[in-house]
Amino acid sequence: MFRNYITIAVRNLLKYKFYSILNVSGLAIGIATCLLILLFVQNELSYDKYNENADRIVRVVADFELGGNKFQAPSLGAPTGPSILADYPEVENQVRLRTGGNWFVKYGENTFKEDFVVFADSTFFSVFTIPLIKGNPEKVLTAPSSMVISKKMAEKYFGDEDPVGKTMRFDDREDYQVTGIFDKIPTNSHYKAEFIISLAGSRRSEEQFWLGNMQYVTYLLMNENADYKSLEAKFPGMIQKYIGPEIQKFLGKSLEEFEKGGGKTGFYLQPLTDIHLYSDLMDEIQPNSDIKYVIIFSAIALFILIIACINFMNLSTATSAGRAREVGIKKVLGSERRSLITQFLTESVVISVVATLLALIIVTFSLPYFNNLAGKELEFSILSNSQLLIGIISITLFIGVLAGSYPALFISAFRPVEVLKGKLKMGAKSGFLRSSLVVFQFSASIIMIICTTVVYNQLNYIQNKKLGFNKEQVLIINDAYILGDQVESFKEEVLQNTNVVSGTVSSFLPTESWRSGNGTFKDGVPDEKNITVMQSWRVDYDYVETLGMDIIEGRNFSKEFGSDSSAVILNETAAKFFGWEDPLGKIVGQFDSNEDATIVKYNVIGIVKNFHFESLRNTVGPVLFFLDRSTSKVAFRINTENTIQLISFVKERWNEFAPGQPFDYTFMDEEFTSMYNAEERIGKIFSVFAFLAILIGCLGLFGLAAFTAQQRTKEIGVRKVMGASVGGIVVLLSKEFVKLILVSFVIAAPVAYHYMNGWLEDFAFRTDVGLLTLAFAGLAALFIAILTVSYHAIKIAITNPIKSLRYE
């Protein structure tokens with residue numbers, strides 16, 4: 001019997017080719033989209049779970065409050081991890097990581113710039129599950145200046161040579177010996193590393209200063225059955241023991257007095273597997289994702305799948321009149337309704353299987369493009385991924401049963417007497433259901449159009465907002481510290497080019513660069529009410545001019561004033577925090593970088609207009625400019641359209657001062673744009689999925705329009721004989737669908753408005769979801785729907801009425 005059902009299903013697929021193609025293609029696109037998103041979601045949810053003890057590893061996070069400002073960051077003082085391990089028996093082990101930034105790495109004659117350098121305790125391989133190809137995991141990082149490298153780096157620098165025991169030079173000043181090789185850090189890890197250098201022997205890693213040099217990301221491996229929340233509850237005692245004396249030393253008051261005055265010092269623990277999706281702290285090792293995007297993309301997958309199923313249901317019920325006689329004859333011959341339902345469900349599952357096979361082909365060929373779009377390295381292997389295989393089988397059966405259930409129940413309910421007499425009517429009920437399903441389809445499509453438009457509007461707003469500095473025509477030369485004492489000479493050489501307007505040497509730029517937060521206080525007197533962490537940037541005399549910033553009070557640094565070495569320039573936010581009506585001439589203080597309580601005082605000489613140095617998700621924070629040496633980058637303001645020739649000139653000067661060292665440059669506007677890669681990626685993904693949702697919806701609408709035109713062929717013939725125009729007939733056939741799109745818009749607009757307003761709230765500076773955005777989405781959906789329907793409407797409208805009257 002089942003074989004008979006399969007045979008009938010295949011025959012009907014071939015008999016109704018037009019509708020079969022629409023059904024299969026719509027389902028295939030829907031399933032392929034769902035599978036791609038399933039791969040994405042599975043990858044996002046898998047972060048850091050490759051570690052054997054993932055459920056026992058937690059990260060320590062600092063939770064401080066100073067001057068009314070809250071600070072949460074995973075970067076801690078050096079003694080935090082070792083002290084917790086020593087004081088609390090429920091902690092089995094700890095490891096500290098310190099990111100190393102960019103380095104020039106040399107072996108033999110080869111020098112390359114490397115980004116993923118990490119310093120770690122010797123316990124790294126005891127806490128994290130990273131397989132070693134060569135070396136003893138308990139010993140590879142125990143010796144000072146020891147280092148393990150990835151298999152990729154071993155092949156890059158050494159080829160077939162054994163790297164173990166060899167020495168590599170970093171920044172032409174530090175030597176590290178290779179003691180082991182690890183396979184690779186999995187891509188679903190919240191940190192990246194190609195070089196892992198031992199912290200052993202590092203003086204700064206052995207400091208006992210909790211509130212200074214906060215550069216160490218600290219992880220704890222809990223004992224089995226230990227509860228990290230119970231450990232967290234003991235931290236107030238730890239704070240009293242270690243941080244209390246430091247507060248007394250620096251602020252001259254007890255921890256209790258500090259907290260009564262509004263200050264706060266605290267720590268909490270964050271499960272390792274929560275970091276990627278639930279953490280957005282200051283100083284994250286790598287930018288994390290967000291669980292809300294996992295939820296959004298999962299909802300999109302579900303919506304697109306439902307839209308595809310709706311197509312199938314609509315087309316099946318709409319074309320059911322063509323199979324009415326078949327059902328009538330089978331019922332007269334004794335077929336039970338149950339067997340008819342089974343037959344139609346089998347046909348539905350067959351279509352679903354065919355669509356799934358086609359979807360697998362689509363996924364295989366489109367995955368590289370999706371990886372590029374999503375910034376992922378996803379792999380599609382059904383046999384090696386049991387979860388994916390189960391997911392595919394479940395989706396196939398789910399679609400087959402869901403999409404086929406209503407048509408099966410609907411068609412099997414036909415009365416044989418009415419069918420065989422030719423009196424079958426589709427009825428208002430089925431028409432209402434089809435209309436409701438079309439409304440659902442286009443409501444989802446309009447929501448996605450609005451979401452896509454809002455994302456791109458926000459990106460456009462970001463690109464065109466006044467930032468407080470001029471990011472255009474600024475060439476940035478990276479890694480200038482390698483020039484050493486010659487960096488100023490290099491700058492002056494480049495300034496000889498008439499196309500270079502000005503230049504500045506500083507590690508601190510408004511776009512992606514170094515950041516340095518230091519406790520800063522009013523009048524040089526530390527107090528919990530007037531102290532807060534402020535960005536402290538070391539700049540030169542030409543910094544403000546080169547970056548196009550505005551001094552709105554006072555003056556810039558000048559070589560005419562020898563006292564500027566102890567001067568400071570504040571931005572408007574910093575000046576407002578201190579509450580001075582006239583900040584010029586006032587004093588701000590900071591603690592010296594060493595462990596004693598020495599206070600360094602600076603005289604305020606100017607106020608720079610607020611400028612955006614972080615993402616527009618954040619308000620503009622306080623910034624201080626100090627006249628001091630910081631040589632990581634050199635920025636040049638240029639005035640030429642022939643940038644290739646100018647870059648060639650700068651590279652020649654670089655090679656004169658740093659022969660053999662890689663030359664790396666970028667433009668400030670490109671660096672600014674890169675700060676919003678996540679939003680741009682979201683916009684592109686939304687636009688692709690919106691297009692697919694509309695495409696699938698239009699496939700169903702195209703089929704329904706064909707069915708409607710077919711059902712009303714004779715009516716159209718009569719109307720034409722009675723003098724109806726082609727335009728009038730097109731309007732007649734299109735207006736029902738137009739009404740459905742308008743209803744869809746009324747439903748979709750408030751839903752999209754609500755959720756996108758919530759998304760925009762993540763930005764301190766943002767556009768809004770205006771009426772123009774909503775109107776654009778509605779008109780776009782209306783235009784697409786009319787375009788889809790008009791083909792069949794025009795085709796039947798221009799048909800000779802004689803042929804129409806002969807129809808049936």
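Is Phe591 buried, partly exposed or exposed? Phe591 is partly exposed, because its relative accessible area is 22% (buried means under 20%, exposed over 50%, partly exposed in between; 1.4 Å probe, protein chains only).

## Basis

This is a predicted model, in which local features need pLDDT of at least 70 and side-chain atom pairs count only at pLDDT 80 or more, while totals for chains, interfaces and linings use all residues. Residues are numbered from 1 along each chain as its sequence is written, and side-chain values use heavy atoms, with hydrogens and water left out.

## Aromatic pairs

Rings of Phe, Tyr and Trp (its six-membered ring) pair if their centres lie within 6.5 Å; planes under 30 degrees apart count as stacked, over 60 as edge-to-face and the rest as tilted. The count by this rule is 44 aromatic pairs. Phe250 and Phe591 are edge-to-face, because their ring centres are 4.8 Å apart and their planes stand at 80 degrees. This pair links distant parts of the chain, 341 residues apart: Phe250 lies in helix H7 (residues 235–251) and Phe591 in strand S21 (residues 587–591). Helices (H or I, at least four residues) and strands (E, at least two) are DSSP runs, numbered from the N terminus. Phe250 counts as buried, at 11% relative accessibility.

Tyr543 and Phe625 also form an edge-to-face pair, at 5.3 Å centre to centre and 70 degrees between the planes. Tyr543 in helix H17 (residues 543–546) and Phe625 in strand S23 (residues 623–627) are 82 residues apart. Tyr543 is buried at 0% relative accessibility, and Phe625 is buried at 0%.

## Aromatic cluster

One aromatic cluster is formed by Trp103, Phe112, Phe119, Tyr157, Phe170, Tyr176 and Phe195.
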